[in-house]
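The following note sets out points on the arrangement of the chain and its surroundings. Please read it alongside the sequence and the structure shown here.

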Amino acid sequence: MKARSGRLRAVYRRLFAAYGPQRWWPGDGPFEVMVGAVLTQNTAWSNVERAIRALSEAGCLDPRRIHELTDQHLAQLIRPAGYFNVKARRLKSFCAWYLEQGGRESLARLDTTALRRGLLSVNGVGAETADDMLLYAFERPVFVVDAYTRRLFERLGDLEGGEGYEAIRRLFESGLGPDVGLYNEYHALIVRHAKAVCRKRPLCGECPLAGLCATGGGLGGG
DNA sequence: ACCCAGGGTCATA
DNA sequence: TATGACCATGGG
C-alpha cells in the first residue's frame, strides 16, 4: 500500500495546511468523549453540546449517575441531541457495561482488539462510535471512518463506492501506519473540510484539494 | 417547506 | 448480505 500512503499523506498535508490543527475531541475528558460519541450519532455537534451541557449542569456527567437515572429523566436531559429515547437507552447500556468492566483504568489495560470487541458488544455502539472512543478516549491507533470520509475519498477516486467499513479502515491504517496523533487530526480535518465545502457544488475553486483527484486532471471535490 | 447532521438496530428477503 | 424503516432535534 505504498502508492496509497503517498496519496493519503498528500491529502492530509493539504487539509492541515488549509485548516490547521483541530484539537479534537472537543470537550473535556475521556468519559465525556464517550458520551459525546453516542450522542453525536447522525446528529449535528451543536445539538450534542446542549445535551452534554444539560447533563453537566444536572451533575450527571458520570457513568454511575447516568446509570441510575430513569430512561425518561435521561431522555429529557439529552433531548436537544435528537433520538433521545434511543440514545437514553444506549447511554445507559454503555454505562452499565463500562461500570461492569471496572471503569476506564480497567478497560485501558485491554489490548485494542479486545477493547474494540467489548465496545462493539454494547447495544448502540457500532463501528464508528467504538472507533471514536478508541481513538479519542483511549488513544489507540484506530482510524475513524465516517460518511464524510467515504464521500471525500469516493470523489477523490480512491474508493470505488461499495467498500465496507472495515475495508476502508484497513486501507487507511495500512497506508498510514499506526499513529494516534495523525489519525486524530486526519479525521478531524475531514470533518472540518466537509463543513467548509458547498454540498451542491463540490468542485469549488477554493478547494484545498484541487488537483488531487486520482483518476484524472480534475479537481478534488468536497 | 425541505434537507441535513461527526449512526445503529431491527425486521425482512 | 443487503436493503428499508425507524429514531427526532435544531440550523441553514
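1. Around DNA strand B there are 23 residues, of which Q41, N42, W45, G126 and T129 come nearest; a residue is near a molecule or strand if its C-beta atom, placed from the backbone, lies within 6 Å of it. The largest share of the surface near DNA strand B, four residues, is that of α9. Helices (H or I, at least four residues) and strands (E, at least two) are DSSP runs, numbered from the N terminus.

2. This is a predicted model, in which local features need pLDDT of at least 70 and side-chain atom pairs count only at pLDDT 80 or more, while totals for chains, interfaces and linings use all residues. Residues are numbered from 1 along each chain as its sequence is written, and chains are lettered from A and ligands numbered from 1 in the order in which they are written.

3. By class, the surface near DNA strand B comprises 10 nonpolar, nine polar and four charged residues. Here Ala, Val, Leu, Ile, Met, Phe, Trp, Tyr, Cys and Pro count as nonpolar, Asp, Glu, Lys and Arg as charged, and the others, Gly among them, as polar.

4. The residues around DNA strand C include N42, T43, R79, Y83 and F84. Two or more residues of this surface come from each of α3 and α6 (84-100). The largest share of the surface near DNA strand C, three residues, belongs to α6. In composition, this surface divides into five nonpolar, six polar and one charged.

5. Chain A is divided into domain 1 (2-22 + 144-196) and domain 2 (30-136), with bounds from an automatic or database domain assignment. The contact between them takes seven residues from domain 1 and six residues from domain 2; two residues are in contact if their C-beta atoms, placed from the backbone, lie within 7 Å. On the side of domain 1 that touches domain 2, the largest share, three residues, comes from α12. That side has five nonpolar, one polar and one charged residues. The C-alpha centres of domain 1 and domain 2 are 25 Å apart.

6. A58 is placed in the loop between α3 (45-57) and α4 (63-68). Between A58 and L77 the C-alpha to C-alpha distance is 8.2 Å, although they are 19 residues apart in sequence.
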